[in-house]
Amino acid sequence: MSDLLHRTGERRVEELSAPVDWGVELSRLVPNQPLLVEVSLEGASGGVYASGKAVAVAEHACHRCNATWQETIEVPLGEMIESSRDADYPLDGEVADLENPVRDAVVLALPLLPTCRPDCLGLCGRCGADLNTGACPGHDEDSSSPFAGLRELLEP
Ligand SMILES: [Zn+2]
Ligand SMILES: [Zn+2]
């Protein structure tokens with residue numbers, strides 16, 4: 001690695017396999033899929049510039065209807081690993097630790113509120129049925145649903 005401090009244009013492919021706490025609830029990386037990091041490390045004044053991309057398979061849960069789906073995400077990387085200890089991503093001696101900058105870039109690329117499709121109708125607030133499938137029978141006030149009698153028992 002120390003060579004990279006004095007050389008430019010070297011490209012290497014790293015595969016990060018360390019467990020990472022992504023800190024995201026609705027989207028997560030699929031555990032048995034590798035997070036591939038293809039990065040070019042270039043010596044620059046004050047540190048090493050890491051550029052390239054990270055590729056991972058994410059599983060999202062729709063925040064409206066809870067449907068899950070998987071998606072390959074490709075995240076561009078471009079971060080300075082700096083020799084200053086106060087930097088966001090400091091060099092550890094002569095080692096450029098890519099885990100933190102890669103994790104931050106991937107987490108930023110994950111949607112905060114994943115939506116399975118723009119017009120997702122979500123779940124019925126009353127019976128929990130997926131409104132996208134028309135599974136909810138609708139709820140008239142004097143419903144003939146078997147739950148109507150139950151509701152009368154529960155309501156004074
Ligand atoms: Zn949905
Ligand atoms: Zn319903």
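Cys 124 and Cys 136 are both buried, where buried means under 20% relative accessible area, exposed over 50%, and partly exposed in between (1.4 Å probe, protein chains only). The model is a predicted one, in which local features need pLDDT of at least 70 and side-chain atom pairs count only at pLDDT 80 or more, whereas totals for chains, interfaces and linings use all residues. Residues are numbered from 1 along each chain as its sequence is written, chains are lettered from A and ligands numbered from 1 in the order in which they are written, and side-chain values use heavy atoms, with hydrogens and water left out.

**Zinc ion (ligand 2)**

- Cys 124 (SG), Cys 127 (SG), Cys 136 (SG) and His 139 (NE2) coordinate the zinc ion (ligand 2) at 2.1 to 2.3 Å.
- Donors are N, O and S atoms within 2.8 Å of the metal (3.2 Å for Na, K and Ca); water is not among the atoms, so sites may look incomplete.
- The site of the zinc ion (ligand 2) is tetrahedral, with angles of 100 to 114° among its 4 donor atoms.
- Four donors count as tetrahedral if all angles lie between 85 and 135 degrees.
- Along the chain, the donors of the zinc ion (ligand 2) follow the spacing C-x2-C-x8-C-x2-H.
- Cys 124 and Cys 136 each lie in the loop between α1 (99-109) and α2 (146-154), so the pair ties together parts that are 12 residues apart in sequence.
- Helices (H or I, at least four residues) and strands (E, at least two) are DSSP runs, numbered from the N terminus.

**Zinc ion (ligand 1)**

- The zinc ion (ligand 1) is coordinated at 2.3 to 2.4 Å by Cys 62 (SG), Cys 65 (SG), Cys 116 (SG) and Cys 120 (SG).
- The arrangement around the zinc ion (ligand 1) is tetrahedral because its 4 donor atoms subtend angles of 105 to 114°.
- For reference, ideal angles at a metal are 109.5 degrees for four tetrahedral donors.
- The donor residues of the zinc ion (ligand 1) are spaced C-x2-C-x50-C-x3-C in sequence.
- Cys 62 has a relative accessible area of 0% and is therefore buried.
- Cys 65 also counts as buried, at 9% relative accessibility.

**Fold and strand pairing**

- The chain has 2 helices and 5 strands, in the sequence pattern β-β-β-β-β-α-α.
- Of the 156 residues in the chain, 28% are buried.
- In strand β4 (residues 47-61), 11 of the 15 residues are buried, so β4 is largely enclosed by the rest of the structure.
- Strand β2 (residues 27-29) runs antiparallel to β4, joined by 3 bridges; two strands pair if DSSP finds at least two bridges between them.
- Within β4, His 60 stands opposite Ser 27.
- Strand β3 (residues 35-44) pairs with β4 in the antiparallel sense over 9 bridges, and Gly 43 has Val 48 in β4 as its bridge partner.
- The hairpin of β3 and β4 has 2 residues between the strands, and Gly 46 in the turn has a positive phi of about 90°.
- β4 and strand β5 (residues 68-82) run antiparallel and are joined by 15 bridges; Gln 70 in β5 is the bridge partner of Glu 59.
- β4 and β5 form a hairpin with 6 residues between them.

**Asn 66**

- Asn 66 lies in the loop between β4 and β5 and has a phi near 70°, a positive value in a residue other than glycine.
- Most residues other than glycine have a negative phi.
- Asn 66 counts as exposed because its relative accessibility is 52%.

**Cavity**

- The structure holds 1 cavity of 30 Å³ or more, and the largest cavity has a volume of about 50 Å³.
- On a 1 Å grid over the protein atoms alone, a cavity is a set of points where a 1.4 Å probe fits but cannot get out, and lining residues have an atom within 4 Å of a point.
- Grid points are joined across faces, edges and corners, and a volume is the space filled by probe spheres set on the points.
- The lining of the largest cavity consists of Val 37, Val 39, Ala 50, Leu 77, Glu 79, Leu 98, Pro 101 and Val 102.
- At least two residues of this lining come from each of β3, β5 and α1.
- By class, the lining has 7 nonpolar, no polar and 1 charged residues, where Ala, Val, Leu, Ile, Met, Phe, Trp, Tyr, Cys and Pro count as nonpolar, Asp, Glu, Lys and Arg as charged, and the others, Gly among them, as polar.
- Val 39 lies in strand β3 and counts as buried at 1% relative accessibility.
- Val 39 and Ala 50 are 6.2 Å apart in space, C-alpha to C-alpha, and 11 residues apart in sequence.

Technical notes
Tetrahedral: all angles 85-135°; square planar, octahedral: opposite > 155°, others 65-115°. 1 Å grid on protein atoms, 1.4 Å probe; cavity = no way out; pocket = protein on both sides within 12 Å on 5 of 7 lines; lining within 4 Å.
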